[in-house]
Amino acid sequence: MAHSAEAAWERVTGLAREAGASAIRPLMADPSRAARFTRRAGDILVDLSKTSLSDTVLEALLELARAQGVLAARDAMARGEAINATEGRAVLHMALRGPRGAFRTGQEDASAEVHETLEAMRAFCARVHARGRFTDVVNIGIGGSDLGPQMAARALWRHGMPMRAHYLSNVDGHAWEAMRHGLDPARTLVLVASKTFTTAETMANAHLLRDWLRGALGEAEAGAHLVALSTNLKATREFGVPEEQVFGFRDWVGGRFSMWSAIGLSIALACGWDVFAALLAGARRMDEHFLSAPEAENLPLLMALAEVWHVDGLGYGSRAVLPYDERLARFPAHLQQVEMESLGKRVTLGGLPVPRATGPVVFGEPGTNAQHSFMQLLHQGTTPVPADIVLVARPDHGFEENHRELLANGLAQAEALLRGRDATEVRAEMEAKGMAPEAIEALLPHRLFPGDRPSTTLLLPHLDANTLGQLVALYEHKVFCLGALWSVNAFDQWGVELGKQLAGALLPELAPGAKAGAHDPSTTALIAEILRLRGG
Ligand SMILES: O=P(O)(O)OC[C@H]1O[C@H](O)[C@H](O)[C@@H](O)[C@@H]1O
């Protein structure tokens with residue numbers, strides 16, 4: 001690490017060790033704070049004022065960003081350099097939503113093929129919708145080939161849109177068992193979404209549904225119901241997908257950044273092409289901001305810096321994502337992969353141990369549901385958990401009172417985390433209820449809220465394809481910035497490989513009468529017990 005970067009890290013951690021570094025309430029004495037710590041990009045407003053970022057801390061963090069060369073790294077990504085060094089690949093998901101001619105890898109115009117594929121997808125959707133034969137689309141895929149499209153289709157689907165979308169990800173047969181009863185094979189289009197077309201769970205389900213189609217319609221007709229979304233065109237052919245129903249993309253699209261590629265076809269089929277196009281346009285709008293805004297105005301970078309402050313400065317090891325919008329119910333699940341698969345790393349790009357904490361645990365649920373499950377821990381647990389609270393000003397329904405209640409709750413959570421509740425207030429409340437002094441004192445510690453717990457509010461004017469595209473791209477770029485700040489490769493995922501290999505080795509041992517392999521005693525005993533319970 002360059003000397004200046006080391007010094008910048010020390011400056012940040014030094015500021016975090018100062019007394020009162022995690023306090024937020026005193027900073028709120030400044031009436032201009034909300035305005036000064038609120039930024040906008042496109043339609044999204046991000047209020048960072050309910051964190052303990054002070055002017056001094058922010059300046060130190062911006063210095064860290066400069067010392068780590070975050071914006072230079074951004075430009076290297078945009079130039080199509082192979083910044084995913086452990087896989088020798090460029091990282092060009094921005095090309096998927098960018099204008100023609102805007103992105104290259106080496107000599108190749110990356111955008112040309114993107115636009116060709118988009119045109120083929122558009123024409124395919126138009127044909128499917130015009131014929132009206134298919135009412136349902138099943139997307140078989142897992143991880144990045146499931147979470148993004150599923151999240152977006154759930155957020156954007158409205159009554160009256162062209163098709164219903166279903167997402168089959170888990171190899172657990174119960175998933176298909178629960179889904180299949182509502183589907184008519186004659187009216188169902190099956191998309192096999194897999195970047196590699198080798199993922200075991202996806203291929204198992206793909207075979208299951210191909211058999212289902214063939215059993216009901218015959219082999220010749222079944223082919224017309226199969227679509228493949230993949231970079232592995234050879235494998236899609238071998239699987240029996242007609243060539244004109246294969247939509248490709250390149251290895252410079254990471255799985256968790258692939259909803260903008262052919263992997264997003266289910267969104268376009270279910271919601272209509274215009275919706276998918278608007279989603280891409282929204283993401284492009286955020287790309288333009290990310291690529292042009294200077295450090296101090298760059299929203300993805302500022303959110304990344306707040307995360308560095310929380311994780312490395314103050315030692316907060318997790319973050320909650322709370323969309324106050326039921327349509328964004330799968331948004332936390334999508335971010336779990338985007339953030340934790342990208343930033344759950346412990347060595348630098350150069351292969352050395354990262355000398356500090358990296359990606360936090362990310363989890364979430366929509367509000368207000370979250371309030372009635374895990375928010376207790378955010379308010380009174382031992383370690384603060386920064387929260388991202390996503391609010392949408394205008395709903396797409398006419399139930400005004402519900403929406404006001406939803407917004408009131410989202411605002412109240414952020415306010416409660418910040419202000420807390422001290423003994424004077426709690427005592428006064430209990431006294432007003434006429435409680436006995438001993439009872440008041442006994443209950444008092446349980447009813448105190450420490451306060452000074454950080455949250456970031458993201459405010460969208462409304463939720464549609466364009467604003468959703470902006471929101472998702474904002475987090476994608478935030479992840480990029482964190483990768484650059486921590487010097488880790490945010491674009492590989494070697495950590496998922498070992499489990500896959502061991503599952504492959506275990507699989508034959510679960511067959512009746514199979515020979516047991518060599519395992520630790522715990523695994524050996526569990527295999528024996530499972531075989532006994534299964535009668536094999
Ligand atoms: O799209 P696929 O090749 O089937 O991969 C699906 C998913 O599985 C892998 O194991 C990775 O962890 C994910 O990044 C990927 O999105």
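This is a predicted model: local features need pLDDT of at least 70, side-chain atom pairs count only at pLDDT 80 or more; totals for chains, interfaces and linings use all residues.
Trainee: Where does UniProt put the "active site" feature?
Mentor: The unreviewed UniProt entry places "active site" at Glu341, His372 and Lys500; such positions are given in the numbering used here, feature names are shortened, and annotations may be inferred rather than shown by experiment.

Trainee: Why do they not all gather at one spot?
Mentor: They span 160 residues in sequence and the farthest two C-alpha atoms are 35.7 Å apart, so the three positions do not all come together in one place.

Trainee: Is Glu341 buried or exposed?
Mentor: Glu341 counts as buried because it has 22 C-beta neighbours inside 10 Å; the rule is that 20 or more other C-beta atoms within 10 Å of a residue's own make it buried, 12 or fewer make it exposed, and anything in between is partly exposed, with C-beta atoms placed from the backbone.

Trainee: And which helix is it in, and what does Glu341 touch?
Mentor: Glu341 sits in helix α14, residues 331-343, where helices (H or I, at least four residues) and strands (E, at least two) are DSSP runs numbered from the N terminus. Leaving aside residues up to four places away in sequence, Glu341 touches Arg256 and Gln493, a contact being two C-beta atoms, placed from the backbone, within 7 Å.

Trainee: What about His372, buried or exposed?
Mentor: His372 counts as exposed, because 10 C-beta neighbours lie inside 10 Å, and its place is the loop between β11 (361-364) and α15 (375-380).

Trainee: That brings me to β11, so which sheet order is it part of?
Mentor: The order β1-β2-β13-β12-β10-β11 describes an open sheet of 6 strands with mixed pairing, where two strands pair if DSSP finds at least two bridges between them. Its edge strands are β1 (38-41) and β11, each of which pairs on one side only, and the twist averages 20 degrees from one strand to the next.

Trainee: How many bridges join β10 and β11?
Mentor: Strand β10 (residues 318-323) and β11 pair in the parallel sense over 4 bridges, with Ser318 standing opposite Val361 in β11.

Trainee: Which helix lies across β12 and β13?
Mentor: Helix α16 (residues 400-419) lies across β12 (387-394) and β13 (455-462), running at about 150 degrees to β12; axes are lines fitted to C-alpha atoms, for helices over the stretch in contact, and angles run from 0 to 180 degrees between N-to-C directions.

Trainee: Switching to the other sheet, what is the strand order there?
Mentor: There, 5 strands form an open sheet in the order β6-β5-β7-β8-β9, and the pairing is parallel. The edges are β6 and β9 (246-248), each with a single partner strand, so one side of each has no neighbour in the sheet.

Trainee: How many bridges are there from β7 to its partners?
Mentor: β5 and β7 are paired over 5 bridges in the parallel sense, with Thr188 as the bridge partner of Asp136, while 4 bridges join β7 to the parallel strand β8 (residues 226-230). Val192 stands opposite Ala228 in β8, and Ala228 in turn stands opposite Val246 in β9.

Trainee: How many residues of α6 are buried?
Mentor: In helix α6 (residues 147-156), 9 of its 10 residues are buried, and the elements they pack against include β5 (136-140), β6 (164-168) and α14.

Trainee: Last topic, which residues come nearest to the ligand?
Mentor: Of the 14 residues around the ligand, Gly143, Gly144, Ser194, Thr199 and Gly255 come nearest, a residue being near if its C-beta atom, placed from the backbone, lies within 6 Å. By class, the shell has 2 nonpolar, 9 polar and 3 charged residues, with Ala, Val, Leu, Ile, Met, Phe, Trp, Tyr, Cys and Pro counted as nonpolar, Asp, Glu, Lys and Arg as charged, and the others, Gly among them, as polar.

How values were computed
Residues are numbered from 1 along each chain as its sequence is written.
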